[in-house]
Amino acid sequence: MSDRNNDAEAPVQATGINRRGLLKFSAFGGLAGAATALAATTPMKAMASTSATEESNAHLFTEHDEFPVKVADDYQRYHQERTAFHYFYKTKGTPYMPLPPDESKPGFTVIDSALAGAGWDLCDRLNGMSSNTGYDVGLYNWDNPTYPQQYPFESKELAANVIKRAARTFGANLVGITRQDDRWDYASFYDAIKNETKTWDDFPFKPKTVIVMAIESDYEGQSTAPSATNDGIIGEGYARMSYVAYGMASFLRNLGYKAVASGNDLGMSVPYAMAAGIGEASRMGLLVTYNMGPRIRLMKVYTDLEFVEYDKPKTFGVRDFCERCKRCSDACPSKAISVADKPSLYPPADHDAATNAVGIEKWWTDSKKCLQYWNDSGTNCGTCVTACPYNKPDFWQHRMIEKMNSLMPGPLHTFMREMDIWFGFGDTFDEKAVAKFWDPAGRKYDGRG
C-alpha cells in the first residue's frame, strides 16, 4: 500500500469531514444504536486500532465444515480452454493491446504507459503468458528437483504453522491450507500460444494439498482504474504472484515434498481460496478478503504433503452485503456483472455461459463482455475492484463500519454502500486519482518520515 495510506485523517479531510464528523454521520439512520451494540461486544482498544487484530476479529467470522456455497449434483469440472482469455486468443490473438500513450489523457501518458509496460515485462519474464494462458512455464514450471528425504513434522499443527510463516517470509499477506479438490482443478490444461493440451495424467505427481496465498495490490494505483497506471500495478502483482508461489514451492521441495507453484493455471483460485478460509466470493466473481477486499492477487502451491492441519472456510457477511450493494455492477463499463438480487446455481436463459463454470451458486458475469472492454479500452479495467466498498485502506473508521456490517446485517449494508459513495471512495474513471498516485507531496523516500 502507499506510504500515505496510514494517514487516517486524509480521506475525510478531503470532503471537509473529520473523525468526529464521521461519528455524527454514523448516528444517522439509527447507527448510534449500532455503534453502542458494537462497543458492547468489541474492546475499545481494538476499535481504536488502525489494524484489526485476529483476536478482535474472531467473532466476526463463521467457520464452516463444508464448502460454504451450494454446488449442484450435476456440476462438471471446468476446462482451462473454456476461459475467456482463451476465447479471445482464438478469436483475436490476444485479450487486449495497450493504447498508444496520450499526453492529454491522465492515466495514459508516456509515464503511465511505461509503468504498465514495466510491470508486464517483469511478469512475462518470470512466468511467460501464464497470467492469461498456458501452464508449466517460467516459475510455474513442473519439473523441479525434490530433496530425497521428507522432513517428519511432529504434528499437523506444526506443519501448518511452518508453512504459513514461510509464506509470509516470501511476501504473502494471507495464506490458507486446504485439501486438493477435483472440482476446482481444471479437467484439462490448455496453452493457446502452443496450441497444446495436457491433463492431470501428465502432471508429475498426485497433489494432496493446495496452499492458497494472497498478496495485496497498491490502493492508490487501483484507484486509478481503468488506466495504464493501474495496469502497471496489475502486472507487478502478477510478477510477485510467481515469486511468492515459487518460493513457497521451493521451500516444500527442500523439505522433501513435491510441490509446484501455480497462478491462474492448474485450477480455479477463488473456490480454492474460499475452501482455505481466506475470503468469500462476491457479486463480481472475485474473492473478497476482510482486510483488503478484492484488491488482491491469488496464487497456489500444489503439494503431496498431507500431514498438515487444514483450514476451514470462513464467511463474514460478503454475500449478504453483495445482495444489496451492486456498486460493482453499477460501475462496470461493459455491464458484464449481474444485477440480480440473489445468486443462482445456473445462469439465466439469456446469459452466455460458454466461459462460465456451471452448477456452482454465484452471480453470473459475462466474461466475454468484460474482456471486450479490455480490448476496446486497451486496459485491464479493474473498475469493479475500485468501486467495491470493501476496497479501502485500513483506516479505523472503515474497520468500525465493517464490524457493524458483519454483526448487524441488513439495513447497515445499504448504509455502508452510501457512506462509501458519500466519502468519495470507489470513484472510477477518476483523473484526480492518477494525479494523487504520482504526487510527491507527503512522501519520503530517504527514511526521514
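**Whole chain first**

Start with the surface: the chain exposes about 20100 Å², with 53% of that supplied by carbon and sulfur atoms (accessible areas by the Shrake-Rupley method with a 1.4 Å probe). You're looking at a predicted model, where local features need pLDDT of at least 70, side-chain atom pairs count only at pLDDT 80 or more, and totals for chains, interfaces and linings use all residues. Residues are numbered from 1 along each chain as its sequence is written, and side-chain values use heavy atoms, with hydrogens and water left out.

Switch to cartoon and you have 18 helices and 10 strands (DSSP runs numbered from the N terminus: H or I of at least four residues for helices, E of at least two for strands). Colour by burial next: 55% of the 449 residues count as buried, meaning under 20% relative accessible area with a 1.4 Å probe, protein chains only.

**Now go inside**

Two cavities of 30 Å³ or more turn up in the structure. A cavity here is a set of points on a 1 Å grid over the protein atoms alone where a 1.4 Å probe fits but cannot get out; lining residues have an atom within 4 Å of a point.

α12 gives the most, with three.

Technical notes: Buried means under 20% relative accessible area, exposed over 50%, partly exposed in between (1.4 Å probe, protein chains only). On a 1 Å grid over the protein atoms alone, a cavity is a set of points where a 1.4 Å probe fits but cannot get out, and a pocket is an open set with protein on both sides within 12 Å along at least five of seven lines; lining residues have an atom within 4 Å of a point. Grid points are joined across faces, edges and corners, and a volume is the space filled by probe spheres set on the points.
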